[in-house]
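Hi,

Here is the structure I said I'd pass on.

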Amino acid sequence: MVDAAPPPFTTLRVEVDGRLGRLTLDQPDRLNPIGAVALRELAEAARWFDEQDVPVVVVGGAGRAFCAGFDLRELTARPPEHGDHPGALTPALGAAMAEAVSTMRALTVAAVQGPCVGGGFVLALCCDVRVAADDAWFSLPEAELGIPLAWSGVPRLVRELGPARANELILTCRRVPAAEAHAIGLVNEAGRAGPGGRHPGRAHPRARR
C-alpha cells in the first residue's frame, strides 16, 4: 500500500480521512450525471483506492442528488468530423467502471440521497452496502428513453432482487422511494445517509484482503 495524492479529477472528488475514504460525484449543479469522463474517472479512482490503506470507501454524490443518471448531452451531441460520437464508448467504459468499483479491495458503501437514476443506480448496485436517506429514490428510465440498460446493470439487479422484481423496475421505469427500496432489499438501511452521503462505514473482513 502507498499513500499518494489522488489524480486530478473533473467530475468527482476523492478524499481520505484516516482509514475512511470518500468517492464523491461532484457536479452538484447538474445533479451529478455520469458520462464518458465520469466513467473513466470512477474506474481510475477505484484503482487508486486499491493502492491505499483504506478499508472502507463511501461512494456518494455532492449536493441534493446521488446521481441523475447518464449524461444525456452525450446522446444528442453531434459527432466530431473525425472520431467517435461522444457516447460511442460508454458501453465499454461503463462495464469497466462497474468492474473496477465492484472489485475494489475496500468495503464500498453507497450513501444515497435524492435521485439515484440510471447509471447512478448501477453505480450503487456495484457497491457492497447501500444506505439511503429518507428523500432518496431509485429509477431506471432506460426503457422510456429507448436505450439499453447496460454496464452489467441487469444481472446485478437480478442478483439483488430476483428476476420478477428486476423486470418490473426495468420495464415500468417507476420511482422507488427509500422506504420501499429497503423493504424489497435494494438498500440495507433507509433514513441513515445525510446530505452529501455522510455515513460512517464500518470495516469489513473483505477490506483486508
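With a relative accessibility of 27%, Arg 30 counts as partly exposed (buried is under 20% relative accessible area, exposed over 50%, partly exposed in between; 1.4 Å probe, protein chains only). Before I go on: this is a predicted model, where local features need pLDDT of at least 70 and side-chain atom pairs count only at pLDDT 80 or more, while totals for chains, interfaces and linings use all residues. Residues are numbered from 1 along each chain as its sequence is written, and side-chain values use heavy atoms, with hydrogens and water left out.

Back to Arg 30, which lies in the loop between β2 (20–25) and α1 (36–49) (DSSP runs numbered from the N terminus: helices are H or I, at least four residues; strands are E, at least two). Beyond its neighbours within four places in sequence, Arg 30 is in contact with Ala 68, Asp 71 and Arg 73 (heavy atoms within 4.5 Å).

**Aromatics**

There are three aromatic pairs (ring centres within 6.5 Å, using the six-membered ring for Trp; planes under 30 degrees apart are stacked, over 60 edge-to-face, the rest tilted). In one of them, Phe 70 and Trp 151 have ring centres 6.2 Å apart and planes at 70°, so the pair is edge-to-face. Phe 70 sits in the loop between β3 (56–61) and α2 (73–76), and Trp 151 in the loop between α5 (142–145) and α6 (153–161), so the pair ties together parts 81 residues apart in sequence. Both Phe 70 and Trp 151 are buried.

Cheers
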